[in-house]
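Please open the model in a viewer and keep the sequence panel beside it. The stops below are given in the order in which they may be selected.

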Amino acid sequence: MRPKEDRKDLYDRDKEVEEIKESVERKVWLAVYGVRRVGKTSVVNVAINDPKYIVVKFNLIRIYDPKKKKYPKSSFISLFLESVNEAIKKYTLGGRVVRFISNVLGIDEKSFIEFNVVKIRAKLKRFRDEDLSSVIRELDLLSSDNKKTLVLVFDEAQELLKVNGINFPSFFHDIYDYCKSTTVIFTGSTVGILEKTLKGLEYEKPFFGRYIRRIKVEKFNEEMSKDFLLKGFDEEGIKVNEEVIREALKRFDGIPGWLTFFGAEYSFRVKHGEKADIDEIEAMAIEEVRKEAKDFISNTQSPERYSAVILSLDRLGGHGSLRDVTKVVNSILNEVPEPRVYEILNRLVDVSFIEKEGDEYYLPKDEPDRKGLVLASKDILSKVS
């Protein structure tokens with residue numbers, strides 16, 4: 001159920017893994033993106049699991065808060081230092097990197113190595129943008145001295161847009177121009193917002209004109225999904241009839257995360273003599289999405305309108321044009337202008353809750369995401385009424 005690290009544990013994805021490895025070898029910066037639960041983190045983890053690399057992962061989901069439109073500078077710096085600290089321990093680095101950070105913070109080296117949160121957080125205001133760049137430069141020099149490549153991974157990188165007080169174009173410009181043994185990987189599941197983040201870097205001075213390669217991780221097709229499940233059940237020593245496999249393919253629509261969740265839960269129940277019911281397993285997945293979606297919708301400026309837009313798509317059979325959605329929305333709520341419906345639809349596309357193909361907007365095709373999204377919307381509208 002956890003993201004994979006070892007190539008033998010990752011199903012397929014040869015193309016994506018090789019593209020990432022080649023990009024890292026050539027020091028080409030890249031963005032790896034795809035919808036939720038498609039396996040981006042596993043693909044990246046496997047590709048960079050190499051003794052030739054020193055990897056620092058900045059998991060921005062750790063500062064994610066749907067109730068906040070902006071994050072304070074200190075939140076990012078704390079995450080930055082903690083991530084560097086984890087890499088120092090993993091690769092037994094230290095020396096000048098630890099001395100530099102400790103000197104800037106005004107703490108002893110032992111407090112940083114042990115990551116004394118009380119002492120570190122009290123000193124975060126001392127850390128400036130140029131100090132962030134200096135830490136990366138020191139790590140780059142260490143990597144070069146050891147004939148290794150420094151790989152910086154910014155997971156859920158769209159959250160960078162919400163950090164106050166840090167000039168990220170300057171920060172990344174400094175890395176791009178002066179850290180010759182370093183490459184950067186951005187990942188994100190809210191595809192539209194990640195793309196805006198990247199364009200904000202690519203078109204904004206001083207980073208302007210730098211190239212970031214895009215690699216998309218797709219869902220499995222039906223044949224791959226079936227093979228994935230059959231091989232997984234075979235490894236677990238579980239016999240599953242064809243009807244159960246067919247039903248799983250229909251419900252989970254090639255989303256690796258849901259297929260893994262289903263396979264793991266189904267196998268566990270069979271092994272322990274419990275009833276393995278696909279409806280119950282799907283209901284668990286739906287509830288997970290319901291909470292995620294409700295959290296997001298509740299913290300928008302117009303929870304009722306967002307909910308009405310989602311329910312309109314559901315009433316239209318799962319997809320519809322802007323005009324059709326607007327008509328149904330206005331049968332649910334009073335006067336919502338078409339431009340506002342358009343804005344909400346595209347925001348939902350940006351955060352990957354719905355999709356757009358041509359002029360049509362679509363609810364997710366897999367059951368957990370579609371049903372969870374609709375149930376969250378009903379929850380919110382029921383409170384209003």
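By class, how many nonpolar, polar and charged residues does the lining of the second largest pocket have? The lining has 11 nonpolar, 3 polar and 13 charged residues; Ala, Val, Leu, Ile, Met, Phe, Trp, Tyr, Cys and Pro count as nonpolar, Asp, Glu, Lys and Arg as charged, and the others, Gly among them, as polar.

The model is predicted: local features need pLDDT of at least 70 and side-chain atom pairs count only at pLDDT 80 or more, while totals for chains, interfaces and linings use all residues. Residues are numbered from 1 along each chain as its sequence is written, and side-chain values use heavy atoms, with hydrogens and water left out.

Select Val35, Val191, Ser352, Ile354 and Glu355, which are the closest to the centre of the second largest pocket among its 27 lining residues. The volume of this pocket is about 530 Å³. A pocket here is an open set of points on a 1 Å grid over the protein atoms alone where a 1.4 Å probe fits, with protein on both sides within 12 Å along at least five of seven lines; lining residues have an atom within 4 Å of a point. Grid points are joined across faces, edges and corners, and the volume is the space filled by probe spheres set on the points.

Next, colour α9 (191-202), α13 (278-298), α16 (338-350), β7 and α17 (367-384), each of which supplies at least two lining residues. The largest share, 3 residues, comes from β7. Helices (H or I, at least four residues) and strands (E, at least two) are DSSP runs, numbered from the N terminus.

Angles run from 0 to 180 degrees between N-to-C directions, and axes are lines fitted to C-alpha atoms, for helices over the stretch in contact (heavy atoms within 4.5 Å).

**The parallel sheet**

Select the open sheet of 5 strands with the order β2-β3-β4-β1-β5 and parallel pairing. Because β2 (53-59) and β5 (213-216) stand at the edges with a single partner strand each, one side of each has no neighbour in the sheet. Strands β3 (residues 149-155) and β4 (residues 182-188) pair over 5 bridges; Leu152 has Val184 in β4 as its bridge partner. Helix α7 (residues 129-145) packs on the sheet, touching β2, β3 and β4, and its direction makes about 140° with that of β3. Helix α8 (residues 168-178) lies across β3 and β4, at about 140° to β4.

**A helix pair**

Finally, select α11 (residues 242-252) and α12 (residues 256-271), whose axes come within 10 Å and cross at roughly 145°. Their contact is made by Val244, Ala248 and Phe252 of α11 and Trp258, Leu259, Phe262 and Tyr266 of α12. By class, these residues divide into 7 nonpolar, no polar and no charged.

Note on methods:
Two strands pair if DSSP finds at least two bridges between them.
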